[in-house]
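Visitor: Please take one part of this structure and go through it closely. Keep it brisk, and give the cut-offs as you go.

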Amino acid sequence: MKAIAIKTFGAPEGLAVVDLPVPVPAAGQVLIAVEAVGVGGVDTVIRSGALAAYGFTEGHIPGGEVAGTVTRVGDGVDASWTGRRVWAFTGTGGGYVEQAVVPVEQTLPLPEGLPAVDAVTLGSAGVVAHFGLRHARFAPGEAVLVRGAAGSIGIMAVQLAARAGGAVVAVTTSSAERGERLRRLGATHVLDRSGDGGESAPAGYDVIVDIVAGKDMPSFFDRLNPNGRMVAVGAVAGQPPADFGTKIMAAFQKSMSFAAFSAATVTPADLRTVRGEHFAAASRGEIETVVHEVLPLDEAVLAHRKMATGEVFGRIVLTP
């Protein structure tokens, strides 16, 4: 079968098409004929080599989520899974393939009418946005800022915060055109990347959901209200400065807080419940899945180039 592997860490051109044997599902696994693969920000970070110290090596197959049809099951798996359309979490890799083996507990049946492309746009991003807001203790009537709202996580955070009754749902983004698209998804205020939105911008926020991190992250503590909470759910711009916490200590009397959030800390049962709710809502048209572009699997290099330029609004999806 065709797969995409990281032949060389670094630029997108380090990705290459390889031929692999069709995998056989082991006990507790299913084999999925893949119809869609979500391209995530973490895929690009792994490809760059930035996470090599965490055990990622050249030869790694990227991709954390796929959708398709179960064609075979391993020992101990109910045969009724065969033929089901499913979404599946492949973990930190293994998704850029024509056929994927996944533990059955990491698969979720798709509702009637939800395309595979939409499933991989929503499956991982939705739970990060949902539980990230919960981690920040976001409540109806509060003001929230989503920093870096043009990606799939940010788009979901905007929609979920608006649906949950946020009094203000502000976003940072790179262009007026993106800002208007985010307004249609629930944003009330559009700011530039530095957080400046002119005289009409809110004076402060109760919650900041940060997908960007990077060197400019500490400046956003200045935008938190007293008792405000910032939660980092990503780091697409890299790590913040080592001394970023001094900003919080310098404003000690505001009782601000910072936390990092990873969906890895959520129980599988809770992830499954929320994903199921999101899939059902999307199939009813209550949540919008935003797909930037659908590309063939063997154009993974192009997909990563587009991610690197910052031109992607929503999610790029690969199709075998």
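Guide: The expected span of a helix is 1.5 Å times one less than its number of residues. Helices are DSSP runs of H or I with at least four residues, strands are runs of E with at least two, and both are numbered from the N terminus. The model is predicted: local features need pLDDT of at least 70, side-chain atom pairs need 80 or more, and totals for chains, interfaces and linings use all residues. Numbering starts from 1 along each chain as its sequence is written, and side-chain values use heavy atoms, without hydrogens or water.

Start with α2. This helix has 20 residues and reaches 29 Å from its first C-alpha to its last, close to the expected 28 Å. Still, α2 has a kink of about 30°, centred on Ala 125. The bend at a residue is the angle between axes fitted to the seven residues ending there and the seven starting there. α2 is mostly covered, with 16 of its 20 residues buried. Buried means under 20% relative accessible area (1.4 Å probe, protein chains only). Arg 137 follows α2, with a positive phi near 60°.

In α3, 10 of the 12 residues are buried, so the helix is largely enclosed by the rest of the structure. The buried residues include Ile 153, Ile 155, Met 156, Val 158 and Leu 160. Gln 159 and Ser 152 are also among them. They pack against α2 (116-135), α4 (176-184) and α6 (268-283), and against strands β8 (143-147), β9 (168-172) and β15 (315-319). Gly 165 follows α3, with a positive phi near 95°.

One residue touches two of those packing partners. Glu 65 is found in strand β4 (residues 65-73) and is buried, at 3% relative accessible area. Neighbours within four places in sequence aside, its contacts (heavy atoms within 4.5 Å) include Ala 119, Val 120, Gly 123 and Ser 124, which lie in α2. Ala 36, Val 37, Gly 38, Ala 88 and Thr 90 are also among its contacts.

Two polar contacts involve the Glu 65 side chain. Its pairing with the side chain of Trp 87 is 2.8 Å. Its pairing with the side chain of Arg 315 is 2.5 Å. Arg 315 belongs to β15. A polar contact is a pair of N or O atoms within 3.5 Å; within protein, one must be able to donate a hydrogen and the other to accept it, and residues adjacent in sequence count only if both atoms are side-chain atoms.

Note on methods. Buried means under 20% relative accessible area, exposed over 50%, partly exposed in between (1.4 Å probe, protein chains only).
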